[in-house]
Amino acid sequence: MYTKASLYENRVHPKSSNKLQFSEISPMWSERLNQARDDISPFALMRSRWYHELTISSACVVGEAYGFSSSYVHKCKTCKELGMQFMYYFLIHSDSGIENAKLDFEDHWNKNHSEIKTENENKIKGDVNSHSQIQSCSLSLNS
Ligand SMILES: [Zn+2]
């Protein structure tokens, strides 16, 4: 009965606006999994390379979230299991399985590991700050 109540509490998360998306937690793998789903043929070399990386605890989806570290293996059983789910569903080409694992991981991460500040957050927006150089250039022309 206790577990049922706490499960319900967890579902009604008060700070849903601060929730990280899967694409923010593991941006590189988010991109790869989308590519694997949409573009890449099941027999592509890239796919087998990615599968190999999924078998390495520091390089897999969950490892990326920890900054490409395998520190979670002994700390969090759920993360370890989710890592194996990604590996398994990738192997059997189960898109729905991967989507579910993404949601589970996103959910689990926000509930249990949201204090881990991922440095990945800004990687995606990397190319946006090139306009400041133009401004400084025109300033020196005026003087
Ligand atoms: Zn965990």
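**Close-up 1: H93, in the loop between α6 and α7.** In this predicted model, H93 sits in the loop that links those two helices, α6 and α7. Its phi is positive, about 55°, even though H93 is not a glycine. That's worth a second look, because most residues other than glycine have a negative phi. Is H93 buried or exposed? It counts as exposed, because H93 has 12 C-beta neighbours inside 10 Å, and the cut-off for exposed is 12 or fewer.

**Close-up 2: F68, in the loop between α5 and α6.** Now for another loop residue: F68 lies between α5 and α6. The phi of F68 is near 55°, a positive value, and F68 isn't a glycine either.

**Close-up 3: the largest nonpolar core.** Here 22 residues make up the core. Which residues have the most contacts inside it? They are V61, V62, F86 and F105. The largest share comes from α6, which supplies 6 residues.

**Close-up 4: V62 and the residues it touches.** Zoom in on V62, one of the core residues with the most contacts. Leaving out residues up to four places away in sequence, V62 touches Y72, C79, L82, G83 and F105. You've met F105 already: it is also on the list of core residues with the most contacts.

Definitions and conventions:
Residues numbered from 1 in each chain as written. Predicted model: local features only at pLDDT ≥ 70, side-chain atom pairs only at ≥ 80, totals over all residues. Core = buried A, V, L, I, M, F, W, Y, C linked by C-beta atoms within 7 Å. Buried ≥ 20, exposed ≤ 12 C-beta atoms within 10 Å, placed from the backbone. Helix = DSSP H or I, 4+ residues; strand = E, 2+ residues; numbered from the N terminus. Contact = placed C-beta atoms within 7 Å.
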